[in-house]
Amino acid sequence: MKKIIFLLFIFSSFSFSALIHPENGADENAIHILFEWDQIPDANYYNLQVSNQQSFNTLLIDIENLSTVYIATDNLGWNDTYYWRVRSIDDNGNNGSWNTSNFSIGEQKLTNLSLDSYNDDEVVDGVMVYSQFLPYFIVGAVDKDGNEIWNTEIAYMNHINEYGQMYGIVGNGNYSRGYKYNFHDDYLWQSPDNYDIDSHEVKQIPNGNYMAFQKVFQSGPISEGNWSFYFQGQGYQADGITSEFPWLGLKIVEFDKDTNEEVWSWDPFEHFSMEDYDVYAGTWWNAAFDGFFDWMHSNAFHFDEQESVIYVSHRHLSRLSKISYPSGEVIWNMGLPSEYGTGDDNICTDLLFSFQHHIQLMDNGDLLFFDNGNLSNILLDDSNPTTRIRRIKVIDDSYCETIWQYDLPANLHGLGMGSVQLLENGNYSIYTYGSGLDEDECSIIEVTQEGEMIWKATSTHPNAAWYRSYKIPSIHPDAFSVIANG
């Protein structure tokens, strides 16, 4: 008897077709909508209909679909309510009964974009995802036509992995935790609550553990310079010797994927000399008003499993580092010549990059990064500070060969932030703060291997500022359908 009841339960569960997503009454924050429903026994295919009328008199979508998943990228808009229904059609063309549901789409929230497409055929298809933190916080996605298709306010974003999962922080300005989340606003991981996680980089490394920057402080001297009088007026010695002022460093911390416990860390105060610091870009003047010296401003790392090393970008030192894992030994520092005060043993000093972002290791071993070039007028005699995209190869851990370089026009110089992504067809997608001339041009551009700019999207808000951008195929990378025979 128990076996009969069990078989009846299985049969009844397969006979009922539930509409899975969007859930009934859901509030969606995207206009690219994933529709998903249960398989219906003996269905040859399915009829999906979507309307903004409960009567379905007007159909916005009316398609026949072989699978139980459909992603709608057209005909749906912001700030509206929609009704959707699915029915099966069997081998004989007989229609099943409708299953009906409804959902709402909220408001678009990104600042508006001005779009220029110079060679549409060469632009890689996909959507651009980026973090906006000025004039207000929002993370969003736009399509290649500049249309907003998704937004969220649940977390900052600094990285997207190959599965479309995002990493970033949630913070209140004084304290932040690292998070992993998806396009459905589900939190998938969070860092322990006793770590103040920096906003610049949170990632999973190949062993599945999570890695992030943690803010750490140590007392140090106030270096001598034209700022000394200001500190002395505040009661400090400011003699370059007396340890009296907090220096901010960024510690790399690894958290176990299962227990969330710290399992490894790298403290810059144990490996770098506090005699190396920036004296040209005003960081000590910033310290006078911040109450601490932002010594390193580390902003990116890349974990290489093959060689078991970590590449790290330290912005305020104009330095890239290669660190052995797990020993923590610094294999090399890449940066400026010794006369600029940021190290006496840097390699590849002829590159003369400065205040860089977004270090990445390519599959072939090249390093790709965003050279902000804040000091390029001093280092390279640029008439205006110039931002460069640099792709280099480090040979024998001692010298560098430039593989590819793109110099952004003067108006797109990025004083802060910035990112670069190599796309599948060889194009480069680049985000720049665009602070080079009188009016800021916070922009994402796409550039070919030949250095031709073929696409540009610029915020129309005069105070807009973003962090990183990524071009991905879809905001629904995890959509799939499994059909069981019968």
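1. A charge is taken to sit over a ring if NZ of Lys or CZ of Arg is within 6 Å of the ring centre and within 35 degrees of the ring normal. In this predicted model, the charged end of Arg319 sits over the ring of Phe272, 4.5 Å from its centre. Arg85 likewise lies over the face of Trp98, at 4.2 Å from the ring centre.

2. On the basis of the values: the model is predicted, so that local features need pLDDT of at least 70 and side-chain atom pairs count only at pLDDT 80 or more, whereas totals for chains, interfaces and linings use all residues. Residues are numbered from 1 along each chain as its sequence is written, and side-chain values use heavy atoms, with hydrogens and water left out.

3. The chain has 4 helices and 34 strands (DSSP runs numbered from the N terminus: helices are H or I of at least four residues, strands E of at least two). Its C-alpha atoms fill a box of roughly 85 × 55 × 45 Å along the principal axes. Of the 486 residues, 54% are buried (buried means under 20% relative accessible area, exposed over 50%, partly exposed in between, with a 1.4 Å probe and protein chains only). Among contacts (heavy atoms within 4.5 Å) between residues at least 6 apart in sequence, 55% join residues at least 24 apart.

4. Aromatic pairs number 38 in the whole structure (rings of Phe, Tyr and Trp, the last by its six-membered ring, with centres within 6.5 Å; planes under 30 degrees apart are stacked, over 60 edge-to-face and the rest tilted). One of them is the edge-to-face pair of Phe213 and Phe301, at 5.3 Å centre to centre and 80° between the planes. Because Phe213 lies in strand β18 (residues 210-220) and Phe301 in strand β22 (residues 298-304), this pair ties together parts that are 88 residues apart in sequence. Phe213 is buried at 0% relative accessibility, and Phe301 is buried at 1%. The rings of Trp404 and Tyr406 are stacked, their centres being 6.3 Å apart and their planes at 15°; both residues are buried.

5. The count of salt bridges is 14 (a side-chain nitrogen of Lys or Arg within 4 Å of a carboxyl oxygen of Asp or Glu). Among them, Glu307 and Lys322 meet at 2.8 Å, N to O. Glu307 belongs to the loop between β22 and β23, and Lys322 to strand β24 (residues 319-324), 15 residues apart. Glu307 is partly exposed at 40% relative accessibility, whereas Lys322 is buried at 3%.

6. Asp366 forms a salt bridge with Lys393, with the closest N and O atoms 2.7 Å apart. Asp366 lies in the loop between β26 (357-361) and β27 (367-371) and Lys393 in strand β28 (residues 388-395), so the pair ties together parts that are 27 residues apart in sequence. Asp366 is buried at 1% relative accessibility, while Lys393 is partly exposed at 25%. Asp382 and Arg388 form a further salt bridge (3.0 Å, N to O), and both are buried. Glu201, Lys203 and Arg468 are linked in a network of salt bridges.

7. The chain exposes about 21,900 Å², of which carbon and sulfur atoms supply 45% (Shrake-Rupley method with a 1.4 Å probe; for residues, only the protein chains shown count as cover).
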